[in-house]
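Please keep the sequence and the coordinates in view while reading.

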Amino acid sequence: VSTVAVSASTGLCQGRDLPGSNPIIRDTFLADPAPLVVGDTLYLYVDHDEARDGEMFNMREWMVYSTTDMKTWKAYPPILNIADLTWAKKDAWAPQAVQKNGKFYLYVPAEHDDTHPGKAIGVAVSDSPTGPFKDARGSALITNEMTPKGEHSWEDIDPTVLTDRDGTSWIAWGNRQCYIAKLKPNMIELDGPITEITPPHYVEGPWLHRRGDLYYLTYASMDPTGKDRNEHVAYATAPSIQGPWTYRGKLTGSAANSFTIHPGIAEFKGQSYLFLHNASLTIGDQKGALGRRAITVEHLRYNPDGTMKPVIQTQA
Ligand code: FUB
């Protein structure tokens, strides 16, 4: 029998009936979880945090883990490295993989070389969800000068891709601004203009999903008063992928000690899950930090009107 604890003071819903405990993978620092369900397996795409003391981030490769029971996680060799992208210099940041055309497409942000300074988003392809992935274009899909505002050099990060029921795939992304564009059926070119859909208090880490006829844009957000500098997760909903988006408020509390937080949502074997990261893991003498994060997972529950019940990120 599963039990759900609801805090009287916050009304937040705690996922204590989960089979495993957080963080879910304890031998490697990982961040920015992006789940993908294929048949009876959930694949979790992540980036690999390797920051040494004094470094903010040190991320060179993307990894995948899989589970069939949400308890045990299988590791694989790294699926893509910065060195595999001829146009990229560094910063293997938040990925997402999707399945289409009988293939798997991995969308990744990275620091572009000096021909297009700033962060950019590329796409790699594989016949298998566990890779290895190969750069699908030999060039970035989205570069800093393509986005309308281009206010800072790390604007073009955190890709999320949703294939709608009519088969059209959309990519959204961005830091401080959230952009969206249609993808061509080949999944490796944009199809039409880039438009801005930035919801209130948006910071980064968008995740697009659809449930019934409602579209969700879930993202890392920050307290507009500036009192809390840690990110939390908030979301907006819309009746169409093209909006209008309605802000629905906070989904989680603020990241305890990782400053960043990053949502990834999946429906798996009849349950909905919200993947996040925090800095609660210690490995040997390496304590969790902004650049040494760990993946957590909680149940995600919906109200009858489609809004999502607030979630507490549980520990251990
Ligand atoms: O992991 C590097 C960056 O930190 C990601 O791109 C953001 O979403 C934040 O998690």
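Strands β3 (30-38) and β17 (202-211) each contribute at least two residues to the shell around the ligand; strands here are DSSP runs of E with at least two residues, and helices are runs of H or I with at least four, numbered from the N terminus. The model is a predicted one, in which local features need pLDDT of at least 70 and side-chain atom pairs count only at pLDDT 80 or more, while totals for chains, interfaces and linings use all residues. Residues are numbered from 1 along each chain as its sequence is written.

The ligand is surrounded by 13 residues, the closest being Trp93, Ala94, Gly205, Thr260 and His262; a residue is near a molecule if its C-beta atom, placed from the backbone, lies within 6 Å of it. By class, the shell comprises six nonpolar, three polar and four charged residues. Here Ala, Val, Leu, Ile, Met, Phe, Trp, Tyr, Cys and Pro count as nonpolar, Asp, Glu, Lys and Arg as charged, and the others, Gly among them, as polar.

The protein chain as a whole has zero helices and 24 strands. Its radius of gyration, taken over C-alpha atoms, is 18 Å, close to the 20 Å that the globule rule (2.2 Å times the number of residues to the power 0.38) gives for 316 residues, so the chain is as compact as a globular protein of that length. Of these 316 residues, 43% count as buried, meaning that 20 or more other C-beta atoms, placed from the backbone, lie within 10 Å of the residue's own; 12 or fewer make a residue exposed, and values in between partly exposed.

Strand β22 (residues 271-278) pairs with β23 in the antiparallel sense over six bridges; two strands pair if DSSP finds at least two bridges between them. Asparagine 278 has alanine 294 of β23 as its bridge partner.

Elsewhere, four strands form an open sheet in the order β13-β14-β15-β16, with antiparallel pairing. Strands β13 (160-163) and β16 (195-196) stand at its edges with a single partner strand each, so one side of each lacks a neighbour in the sheet. Two bridges join β15 (residues 179-183) to β16, and tyrosine 179 has glutamate 196 as its bridge partner.

Isoleucine 188 lies in the loop between β15 and β16. This residue is partly exposed, with 18 other C-beta atoms within 10 Å.
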